[in-house]
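Work through the exercises below with the structure on screen. Try each task before reading its solution.

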Amino acid sequence: MNQQEKQPQKDMNVLNKNEKKAFSDKLADFISANRILFIGIAIGIVVAIAAVGIYTAVSENVATASSRAMELAEQKMQQWSQETDEQKKADSEKALLADLDAIAKKWPRTIAAQRALLRKAAILNQKKEYADAEKTALDALARNKNSYAAPIALELAAVSAEEAGNKDAAIAHYTQLAKDYLKDNPVAPHALFNLGRLQEEKSDYKAAMASYNQLVSTFGGSDWALLAKNRIIYLKAKGLAE
């Protein structure tokens with residue numbers, strides 16, 4: 001289990017220090033106070049999984065022009081991420097985004113185009129340009145809805161939508177992910193938990209219960225399922241699960 005997967009359990013341990021509240025109430029406060037943590041984990045997942053997929057795709061198809069172009073863009077992105085001089089970083093970012101746009105335009109139906117758009121969306125999200133990040137992630141999804149990157153694109157679109165304050169759009173993206181991309185998808189447990197969390201925030205407790213129960217039944221061994229079980233307990237204790 002990697003560090004990101006262990007993080008929800010570690011964070012839950014902090015709750016045990018406060019004995020004045022029932023566990024479910026403490027968990028509710030924790031989730032509310034750490035909304036950004038749950039969103040931030042998504043970005044880490046997106047970057048990590050994309051990196052694995054990119055390596056595989058390039059390794060299997062290094063001869064194609066689109067893959068070669070994307071490999072060069074990946075190298076530039078690595079340099080950009082490590083640049084400390086603000087002006088140089090800004091210049092590098094401008095050139096990198098231009099390269100990613102060029103790949104997506106020149107080879108629109110390739111996996112390279114989808115990867116380029118995913119990388120661009122991640123950069124825009126980091127720049128807090130959330131509306132453009134969501135739009136770019138959805139463009140990545142549309143390029144190939146059957147690829148390994150499709151659920152990653154939906155996850156990033158949902159994260160960006162929530163950061164922009166559009167909970168309804170985030171719920172729609174997570175709902176599509178839960179409907180179409182549960183199998184062989186490492187981001188699925190996190191997506192289902194965030195779907196339930198957002199539905200709770202919208203006071204749609206019936207839908208939240210359904211999302212949490214789906215998470216528990218489908219991914220019962222995950223740390224996200226452990227959090228979902230405690231949300232179920234909380235909603236039942238408060239009489240909100242009817």
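**Exercise 1.** Which residues have the most contacts inside the largest nonpolar core?

Solution. Begin with the source of the coordinates: this is a predicted model, in which local features need pLDDT of at least 70, side-chain atom pairs count only at pLDDT 80 or more, and totals for chains, interfaces and linings use all residues. Residues are numbered from 1 along each chain as its sequence is written, and side-chain values use heavy atoms, with hydrogens and water left out.

Step 1. A nonpolar core is a set of buried Ala, Val, Leu, Ile, Met, Phe, Trp, Tyr and Cys residues joined through side-chain atoms within 4.5 Å. Buried means under 20% relative accessible area, exposed over 50%, and partly exposed in between (1.4 Å probe, protein chains only).

Step 2. The largest such core has 46 residues, and those with the most contacts inside it are Leu118, Tyr174, Phe193, Tyr212 and Leu215.

Step 3. At least two residues of this core come from each of H6 (111-126), H7 (130-143), H8 (150-163), H9 (167-180), H10 (188-201), H11 (205-218) and H12 (223-237). H8 gives the most, with 9 residues.

Step 4. A second, separate core has 11 residues, including Trp80 and Ile123.

**Exercise 2.** Count the helices and strands.

Solution. Helices (H or I, at least four residues) and strands (E, at least two) are DSSP runs, numbered from the N terminus. The protein has 12 helices and 0 strands.

**Exercise 3.** Describe how H6 and H8 are arranged.

Solution.
Step 1. Axes are lines fitted to C-alpha atoms, for helices over the stretch in contact, and angles run from 0 to 180 degrees between N-to-C directions. The axes of H6 and H8 come within 11 Å and cross at roughly 20 degrees.

Step 2. H6 is therefore roughly parallel to H8; angles under 35 degrees count as roughly parallel, over 145 as roughly antiparallel, 65 to 115 as roughly perpendicular and the rest as oblique.

Step 3. Contact means heavy atoms within 4.5 Å. Among the residues that meet are Leu118 and Asn125 in H6, and Leu156 and Ser160 in H8.

**Exercise 4.** Is serine 160 buried or exposed?

Solution.
Step 1. Serine 160 lies in helix H8.

Step 2. Serine 160 counts as buried because its relative accessibility is 0%.

Step 3. Leaving aside neighbours within four places in sequence, serine 160 is in contact with Asn125, Tyr130, Ala133 and Glu134.
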